[in-house]
Amino acid sequence: MKDYYLQHQTRVKHLSKVYYERNRTRISQVRKEIYLKLRKEVLEMLGNKCAHCQEAETSILHIDHKYGDGYSERRIFGSLFRLRKVKEQSSLYQLLCPNCNWKKRHAKNEIKNPPSKNCIQLREEILGLLGNHCEKCSNSQKECWHIHHLEGRGTQDRKQSRTQEAYYLKVLTSIKTQEKKYSLLCANCHEKERLRLQC
Ligand SMILES: [Zn+2]
Ligand SMILES: [Zn+2]
């Protein structure tokens, strides 16, 4: 089999590519089903709720490496491979809701690309204008807050701004001109809202 593959490598690769292109939708659907089934099993193994605050909305829970750098692990491994790894070594992992995950990141100083002084000031001004608490659940822990685009275009919004400072300036101008495009949500409410907008 291996010899056959080596002799016909180009043709086999071409046929695989053609097969993938023709069945792309079905293949992604099957991959998604496998992913969701495995994620459900892993979540059950880990208790189906946040290890810190008991949040039980499973759709928003993160699988957190208790001792390691989950960010690097997610970059290195594909989602299915990582889930299989968690299943095999479940004692190394725990479930955290987005709020508790943000609190852990701040406590351990794991924030990627820390903001500049200017950005910190702009963000402070934005948070103040948006009420300094989560609009949905009144969470008042600053490290959990996210600026939410009311039409679910936050990612696009950030990508269109060349720098973080440009993004904050855009948000600030929008708030000051009463466009009513943004609100303040904690990470848990933000994730629930993001999933709702996807439906
Ligand atoms: Zn939690
Ligand atoms: Zn909230």
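**Close-up views of a predicted model**

**View 1. Val 171 and its contacts.** Leaving aside residues up to four places away in sequence, Val 171 touches Ile 126, Ile 147 and Tyr 182; two residues are in contact if their C-beta atoms, placed from the backbone, lie within 7 Å. This is a predicted model, where local features need pLDDT of at least 70 and side-chain atom pairs count only at pLDDT 80 or more, while totals for chains, interfaces and linings use all residues. Residues are numbered from 1 along each chain as its sequence is written, and chains are lettered from A and ligands numbered from 1 in the order in which they are written.

**View 2. The largest nonpolar core.** This core has 15 residues, and Cys 134, Val 171 and Cys 186 touch the most other members. Strand S3 (145-149), helix H9 (164-176), strand S4 (182-186) and helix H10 (187-198) each give it at least two residues. The largest share, four residues, comes from S4. A second, separate core of 11 residues includes Leu 46, Cys 50, Leu 96 and Cys 97. A nonpolar core here is a set of buried Ala, Val, Leu, Ile, Met, Phe, Trp, Tyr and Cys residues joined through C-beta atoms within 7 Å. A residue is buried if 20 or more other C-beta atoms lie within 10 Å of its own, exposed if 12 or fewer, and partly exposed in between, with C-beta atoms placed from the backbone. Helices (H or I, at least four residues) and strands (E, at least two) are DSSP runs, numbered from the N terminus.

**View 3. Ser 183 in strand S4.** Ser 183 sits in strand S4 and counts as partly exposed, because it has 19 C-beta neighbours inside 10 Å. Not counting residues up to four places away in sequence, Ser 183 touches Leu 130, Glu 135, His 148 and Leu 150. His 65 is another story: its C-alpha atom is 31 Å from that of Ser 183, and the two are 118 residues apart along the chain.

**View 4. Asn 109, a loop residue with positive phi.** Look for Asn 109 in the loop between helix H6 (98-107) and helix H7 (117-129). Its phi is near 60 degrees, a positive value in a residue other than glycine. Most residues other than glycine have a negative phi. Asn 109 is exposed, with 7 other C-beta atoms within 10 Å.

**View 5. Lys 180, in the loop between H9 and S4**. Phi of Lys 180 is near 55 degrees, again positive in a residue other than glycine. Lys 180 has 9 C-beta neighbours inside 10 Å, so it counts as exposed.
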